[in-house]
Amino acid sequence: MDCAVQGGEFLKKYGHDTGITTGTFHSTVPGRPLVEPYNIFSYTFATMAFGQLGLATGNQRYMRT
């Protein structure tokens, strides 16, 4: 569970670059985007992951991410 939370926190912190107009959920370790154009699949998988993390931890904050 600790690894899942750490992964979720990493994704929240580095996975979405709000400096790019369309955003992205592909990132390098320092948080730089790998793919800049909007990718619906990235957001879909991230949403599914945060939803499951919210269910697993009971933390509603992940479901609003």
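This report describes the salt bridges and a nonpolar surface patch in a predicted model.

Side chains of opposite charge can pair when their charged atoms come close. A search of the whole structure finds two such salt bridges, and they are set out in the table below.

| Salt bridge | Distance between N and O |
|---|---|
| Lys 12 with Glu 9 | 4.0 Å |
| Arg 61 with Glu 9 | 3.0 Å |

In the pair formed by Arg 61 and Glu 9, distant parts of the chain are linked, since Arg 61 belongs to helix H3 (residues 60–63) while Glu 9 belongs to helix H1, 52 residues apart. The pair of Lys 12 and Glu 9, by contrast, lies within helix H1 (residues 2–14), where the two residues are three apart and therefore separated by about one helical turn.

Because the salt bridges share partners, Glu 9, Lys 12 and Arg 61 are joined into one network. How exposed is Arg 61? Arg 61 has a relative accessible area of 35% and so counts as partly exposed, and Lys 12, at 29% relative accessibility, is likewise partly exposed. Glu 9 is also partly exposed, with a relative accessible area of 29%.

The surface also carries a nonpolar patch, formed by Ile 40, Phe 41, Phe 45 and Met 48, which together have about 460 Å² of accessible area. One of these residues, Phe 45, lies in helix H2 (residues 40–57). Is Phe 45 buried or exposed? With a relative accessibility of 53%, Phe 45 counts as exposed, because that term applies to residues over 50%.

Terms used. Residues numbered from 1 in each chain as written. Predicted model: local features only at pLDDT ≥ 70, side-chain atom pairs only at ≥ 80, totals over all residues. Heavy atoms only, no water. Patch = residues over 30% accessible without salt bridge, like charges linked within 9 Å, V, L, I, M, F, W, Y side chains within 5 Å. Areas by Shrake-Rupley, 256 points an atom, 1.4 Å probe, with all protein chains shown as cover. Salt bridge = Lys/Arg side-chain N within 4 Å of Asp/Glu carboxyl O. Helix = DSSP H or I, 4+ residues; strand = E, 2+ residues; numbered from the N terminus. Buried < 20%, exposed > 50% of the residue type's maximum accessible area, 1.4 Å probe, protein only.
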